[in-house]
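Here is a short briefing on a predicted model. Read it with the coordinates open.

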Amino acid sequence: MTERPAQRVPNRQLAALIAEAGFSNAGLARRVDQLGLEHGLDLRYDKTSVTRWLRGQQPRGTTPALIAEVFTRRLGRRLSAQDLGLDACAPVYAGLEFAATPEEAVDIASGLWRKDSGSHAELRKIAFTPAGLVVPSRDWLIGRADERVGRGADQAAARIPAQGRTSVPRQRQIDRGPGQRVTGGDIAALRSVSELFRTLDHAYGGGHARQALVRYLEHEAEPMLRGTYGENTGRRLFSAAADLTRLAGWTSYDIAAHGLAQRYFVQALRLAQAAADRPYGAFVLITMSRQAVYLGHGREAVQLARVAQQGVGSGPPPVVQALLHSAEARGHAVLGEVRAATASLVRAERALGAARPGDDVPHWARCYDEAQLADEFGHCHRDLQQYRASAQHAERSLQLRSPAYARSRLFCRVVLATARLGLGELDQACALGAEAAQQAMEMRSVRAVEYVRDFERRLEPYRDASAVRTYRDRVAALS
């Protein structure tokens with residue numbers, strides 16, 4: 001005698017949320033399919049699929065998280081798979097959540113570090129999703145610093161990662177011993193390591209030591225975050241962890257792991273909120289804006305820059321204000337919005353002009369100087385096809401920029417080569433491009449290679465010219 005299949009329990013939580021959101025079954029299925037496409041997933045759900053979910057069938061794989069995100073966007077509040085009566089999973093979408101608590105933020109971030117430090121190559125293939133920028137930036141803007149982040153020994157032992165999150169398994173938590181007491185020396189070490197990896201990134205590209213950085217986060221930063229510390233030490237610890245996490249995202253971005261980078265940036269933003277470090281949160285948003293510019297999402301880039309400006313108000317030092325305005329200018333330039341880009345550049349220039357040597361400038365903004373501003377001008381004018389102005393500013397940036405910023409100098413050299421090409425100065429353009437191509441081969445930076453390839457695409461109409469043939473011969477000899 002065969003057993004009868006178990007009776008499924010109707011999913012009343014999902015039914016209630018469908019009614020609240022005003023979805024039809026077909027409409028919900030369509031939105032889940034659309035969100036899946038953003039992540040490279042061909043799901044093909046229909047109204048019958050939703051009917052089965054309502055009857056108690058559990059969708060597999062990443063689908064529960066995708067359904068939860070559909071409702072999050074519709075209803076304007078963060079909903080998890082469990083809130084919908086669905087089984088939790090470790091989805092591809094994991095990492096874009098803006099955690100509700102500092103403990104949850106540590107769970108999500110450490111889950112990323114751990115997976116990224118292993119052999120999970122698929123993590124570096126996750127697609128970037130512009131829609132995934134909306135909720136975290138909004139939650140940061142309207143959110144407040146957590147009231148309490150300190151962890152006593154008894155609290156640390158009791159805090160276990162929330163079920164269903166990308167978190168450390170329960171047994172591993174116990175094995176690691178959550179009672180490590182964090183000291184000022186520990187935080188100073190985190191800051192020193194951050195500067196070391198930042199220097200390597202500037203000089204050799206994000207791929208040079210990225211994996212070492214991620215392993216450091218997993219093996220050194222995570223035990224500290226799960227250790228014991230008071231409120232003041234805790235804020236400083238979360239600030240240092242946010243900085244390292246943003247850098248992990250930045251180096252991921254540099255090797256074209258854009259979906260992974262996006263997730264690191266979101267988690268760095270949440271850690272900065274736990275640190276009560278509003279200006280650094282704005283800096284993370286600016287980093288996200290720069291990635292959006294690079295990927296051609298100008299509208300999102302502008303919105304992120306404006307959220308950053310709104311989030312910190314008029315309080316930051318002039319250097320930080322200049323950084324915020326120039327990021328907005330880059331977004332406008334990608335969109336071809338000449339007046340808006342120019343206005344933002346003027347605001348950035350005025351702000352930097354108001355800076356004084358005695359200003360209290362955060363460590364992450366100290367490299368923003370006249371060389372960087374000239375670089376921003378050069379990029380904007382290039383995107384607006386104002387090639388003479390672009391060349392002038394790019395040349396100035398190269399004159400002022402320290403050799404330590406080798407990758408930034410390479411980018412600027414390609415901008416100058418593009419401007420020279422736009423001005424019809426083919427020989428100079430090819431000579432500059434060849435220099436950049438040689439430098440790109442000495443770096444582990446996909447962005448550097450892509451800058452050179454973009455220049456080469458612009459050379460295509462002149463492929464039969466002597467200067468272009470010489471350029472191609474020089475580059476071919478380098479490989």
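Thr251 touches Asp201, Gly206, Arg210 and Leu213, leaving aside residues up to four places away in sequence; contact means heavy atoms within 4.5 Å. Thr251 sits in helix α11, residues 231-254. Helices (H or I, at least four residues) and strands (E, at least two) are DSSP runs, numbered from the N terminus. This is a predicted model: local features need pLDDT of at least 70, side-chain atom pairs count only at pLDDT 80 or more, and totals for chains, interfaces and linings use all residues. Residues are numbered from 1 along each chain as its sequence is written, and side-chain values use heavy atoms, with hydrogens and water left out.

**Single residues**

- Thr251 is buried, with a relative accessible area of 4%; buried means under 20%, exposed over 50%, and partly exposed in between (1.4 Å probe, protein chains only).
- Thr251 and Arg210 lie 41 residues apart in sequence, yet their C-alpha atoms are 6.1 Å apart in space.
- Ser408 belongs to helix α19, residues 406-422.
- Ser408 counts as buried because its relative accessibility is 19%.
- Asp375 and Arg401 are touched by Ser408, not counting residues up to four places away in sequence.
- Gln58 is in the loop between α3 and α4 (63-75).
- Gln58 has 29% relative accessibility, so Gln58 counts as partly exposed.
- Gln58 touches Gly85, Leu86 and Asp87, again not counting residues up to four places away in sequence.
- From Gln58 to Asp87 there are 29 residues in sequence and 6.7 Å in space, C-alpha to C-alpha.

**Whole chain**

- The protein chain has 22 helices and zero strands.
- Of its 479 residues, 53% are buried.
- Among contacts in the protein chain with a separation of 6 or more, 74% join residues 24 or more positions apart.

**Nonpolar cores**

- A nonpolar core is a set of buried Ala, Val, Leu, Ile, Met, Phe, Trp, Tyr and Cys residues joined through side-chain atoms within 4.5 Å.
- The largest nonpolar core has 84 residues, of which Trp113, Leu190, Leu237, Phe238, Leu285, Met288 and Leu324 touch the most other members.
- Leu324 touches Ala282, Ile286, Ala305, Ala308, Gln309 and Val312, not counting residues up to four places away in sequence.
- A second, separate core of 31 residues includes Ala391, Ala394, Ala436 and Ala448.

**Helix packing**

- Helix α2 (residues 25-38) packs against helix α3 (residues 47-54) at about 105°, with the axes 7 Å apart.
- Axes are lines fitted to C-alpha atoms, for helices over the stretch in contact, and angles run from 0 to 180 degrees between N-to-C directions.
- α2 and α3 are therefore roughly perpendicular to each other (65 to 115 degrees; under 35 is roughly parallel, over 145 roughly antiparallel, the rest oblique).
- Asn25, Ala26, Leu28 and Ala29 of α2 meet Lys47, Val50, Thr51 and Leu54 of α3.
- The residues of this contact of α2 with α3 divide into five nonpolar, two polar and one charged (Ala, Val, Leu, Ile, Met, Phe, Trp, Tyr, Cys and Pro are nonpolar; Asp, Glu, Lys and Arg charged; the others, Gly among them, polar).

**Confidence**

- The chain averages a pLDDT of 88, and 90% of the residues score at least 70; pLDDT is the predictor's confidence in each residue, from 0 to 100.
- Over residues 1-7, pLDDT stays under 50, and the model has zero contacts there beyond four places in sequence.
- Over residues 156-177, pLDDT also stays under 50, with 48 contacts beyond four places in sequence.
- Where pLDDT is low, the predicted coordinates should not be read in detail.
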